[in-house]
Amino acid sequence: MTIKNSAGRRNMTMQKKKTFVLCTLSILALLALSVRVGYLMILRSAHYTELAQLLHERERDIKAARGRIIDSTGTVLADNRTVCTISVIHNQIKDPEKVIEALCRELDLSEEYVRKRVEKYSSRERIKSNVDKETGDRIRNLDLDGVKVDEDYKRYYPYGELASKVLGFTGADNQGIIGLEVSYEEYLTGKKGQILTLTDAKGIELEGMGERRQEPQAGRDLYVSLDINIQKYATQLAKQAYKTKQAAGVSIIVMNVNNGEILAMTDVPEFDLNEPYVFIDEYSSLAEQPSANTQDLLNQMWRNGCINDTYEPGSTFKIITASAGLESGVVTLEDNFSCSGSILVDDRTIHCHKRLGHGAEDFVTATMNSCNPVFITVGLRLGSERYYKYFTQFGLKEKTGIDLSGEAGTIVHKLENIGNVELATMSFGQSFQITPIRLMTTVAALINGGTLVTPHFGVKAANEDESIVERFEYPVKEGIISEATSEKLRYILEQVVENGGGKNGYVEGFRVGGKTATSQTLPRGSGRYIASFLGFAPANDPKVMALAIIDTPQGVYYGGQIAAPIVRQLFENILPYLEEMDYN
Amino acid sequence: MANRPQKFRYSKHNMDYVLLAVVLFLVGFGLLMIYSVSSYEAGVDFNDSAYYLKRQGFSTILGFIALFFVSRVNYKVWQRFDMIALITSVVLIFLLLTPLGVTRNGATRWLDFRIGLTLQPAEVAKLGIIIYLASIIQRLEEIGKNVIRTPKGIAIILVPPAVVAALIYIISDNLSSAIIVLGIAVAMLFVAVPDYKWFIILGVIAVAGVAAIVIMATTGSADGGTFRMARIRAWLDPEAYSTDRAFQTIQALYAIGSGGIWGKGLGQSMQKRGFLPEAQNDMIFSIICEELGLFGAYTIILLFVVLIWSCMVVANKTTDRFGSLLVVGVMAHYAIQVILNIAVVTNTIPNTGITLPFISYGGTSTLFLLSEIGIVLNVSKKCK
């Protein structure tokens, strides 16, 4: 079938040319598209790969172990326990009835609850978390398809309520809620790891496609100055007093006077750190009242009176008045006074606790007697301005900076509001409020030669292999009082224990200094008292100081009679122990 | 025949075996990729990971039987079927309006003959148009006097395909097949008519039209405009429409981009696991990129270049105008589909459903593509 006409033949030649052109154009188009494909697959590859990976991967967190809290003896006070989370993956379940039956049995859950979750169409359904490891292992060993047992960490406090208000506890996400767990959160908390698994579009994990893991990084261990032996003993003594005196609370703080390390701190009643949301007996009846605010009550239960609450220190504060007096020279140890049982300040008569009066006495004896009129006299000699200056100089207006949150500030008159009466009452520790830790810290500075330290628990943060990450340093202020005055003070306070009102604090074979206090709580006349004793040893070269405070004791309420024996018993046990430990 | 000056050899040795080899490779590769791409979803949806492979395998066997027979039938026979081919195409399209039509995803594109076979009339129409045009052009040229260059001649050539394309678009809502039918017609006309100017003018108009549409789409309000306008906006900025209109496009781009130079390896595609729905259809090229990388993609493109080139060689070796035009039509059909498919998958043009010849899943399409190869092979036998 050749083309018979000439135009047709010409067109045939043209047609071949144009076929070639058409073919060439098509191939050029394909070449252009090849460039486009190359651009997408080379230059845009990273961009799309990243987006695609985001789309394909599901992440599961791996919790990081929280750092432990370890005391100065190496005892672990806060640890992690492995717990398990049991979940089911709907698509992988082969025998739902068996799974439901097994989970109900092992986890002690209602069938209705488990069935709802097993039959729910979701990629992953959590059945129960915080299951103990044994149960978790048992479930894993049943080897049920679609049942996943994931290990997890839970904070665990081996000593239950020991130092509960100091250590604090953690919440559901293992974050610190109160105490040292909060203060050192950044060290204790680890870095979460992740398991990135490939899933299909429905979120179903793909078997055998591998997974990427970012290993979790464990938190740092926190080494604290607490000594479990001292802490245990202090707690025992506090509990004893709490029971026998039917007190509202008993606090004991033991501190190294030279560096501010706290060896023990207890504020009975304490709570169980492993069950921080369970009310202790003292609170359970309150919590059952219809008007009870559970959170308020919990906060109250968790409150650490040693640092969160202020009180009128009473006679222990005479140490400060004595220091100011001696330092300024308005009084010497040999100055003679006469106590008639009361003193008239402006128009107000202020009584001595001994209504008959102490008679003639020098300043040392007056301190031993805790004689109010003498200290009022010293205070008045100083005058409000100078008294206030020393008050400030001794750091009493500042917070101590202790490494626990919620430290309460000092409540004190403004200088312009301090008249003679206010000054007089301040001189023997009334009409202002400070925290127990504040009192201790200042007294520690007055007797250690004038070094105002920062009370603290945290010593260092270290890795699990004990390599130190950071050694904590705390501010220190030198020279708040002269060494000479400090020495005199140590002498007087030793006399108080040897021969004065603090003789119940005397420890056979050790030189102990100290001061008692019995302060009436506000409002006056309520018959409620706070009895306390602050003692330190050795009196000539102080190393350790203890403060015992009994809030609202029943019966005998004098500090010298109920608080001093606590410190004595404490010292009797811990001083030989500390010597043995070569404590300095 | 006796008058012909040249001697024609009817021996099979002249058959274009390169072409056959390329097609065999593409079909085999296509089956492999269909299994790789669809097995995961088929396993989930039908509990049979080879579901799509089996169906495509059946169509492929039918296709090769058709190829075998067609390659043994003297292509000149088809000239007698020109009007029948056209009428059959139109009738089949109209049959979509009868209860035989099957509606899937809102478009009626399939005829179900209730014997386990479905047929896509648009695919039949493509071959029908090729046969009709080759024949009508041949007839017009035989008349001589360059009738083909007159408006009347051009109208005779272009009106039937335009009507068929319009029917495909209106009845089966299948813009891409309409474009292909029209494209084949224009390509065959381009080859048959000696002039260039008409086509240059046509090209300029087309470029201007595209530019105008793009400008309209970009300046128009974001939520207004028609469905196709929105498609164009999604094309220009797929990441802004990644959750709705450009969903498929963006998923294809993820697949292509994440393949990189070396690919993830056969079977290792992530996108086929439900992220790129029905990846075995239009978007199969993107999974090839993801699994086999840039080199896999270039290999496929190269094979299509060889296929198109081989068609051109066969067309130009043939002295017979009808045979030559048949091959040109087939070549245009392959070229348009390959170019448009890869352009869509790479978001070079707006998304419109076009399958990749020999590789994408689709029964009717495979059957007719292979039949067309049979025609080309038969033509190649009769080359000088």
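What share of the contacts in chain A with a separation of 6 or more comes from residues 24 or more positions apart? The figure is 70%, where contact means that two C-beta atoms, placed from the backbone, lie within 7 Å.

Before going on: this is a predicted model, in which local features need pLDDT of at least 70 and side-chain atom pairs count only at pLDDT 80 or more, while totals for chains, interfaces and linings use all residues. Residues are numbered from 1 along each chain as its sequence is written, and chains are lettered from A and ligands numbered from 1 in the order in which they are written.

Chain A has 20 helices and 19 strands. Of its 584 residues, 45% count as buried. Buried means 20 or more other C-beta atoms within 10 Å of the residue's own, exposed means 12 or fewer, and partly exposed is in between; the C-beta atoms are placed from the backbone.

Now one strand of chain A, β9(A), residues 249-256. Seven of its eight residues are buried, so β9(A) is largely enclosed by the rest of the structure. What does β9(A) pair with over eight bridges? That is β19(A), residues 544-551, and the sense is antiparallel. Two strands count as paired if DSSP finds at least two bridges between them. Within this pair, A:S251 has A:I549 as its bridge partner.

β9(A) is also joined to β10(A), residues 262-268, by six bridges, again antiparallel. Here A:V250 stands opposite A:V268. The hairpin of β9(A) and β10(A) has five residues between the strands, and A:G260 takes a positive phi near 85° there.

Chain B has an open sheet of three strands, in the order β1-β2-β3, with antiparallel pairing. Its edge strands, each pairing on one side only, are β1 (101-104) and β3 (118-119). Two bridges join β2(B), residues 107-112, to β3(B), and B:L111 stands opposite B:L119.

Last, the contact between the chains. It takes 50 residues from chain B and 42 from chain A. On the chain B side, α10(B) gives the most, with 12 residues. By class, that side has 31 nonpolar, 12 polar and seven charged residues. Nonpolar covers Ala, Val, Leu, Ile, Met, Phe, Trp, Tyr, Cys and Pro; charged covers Asp, Glu, Lys and Arg; the others, Gly among them, are polar.

Key. Helix = DSSP H or I, 4+ residues; strand = E, 2+ residues; numbered from the N terminus.
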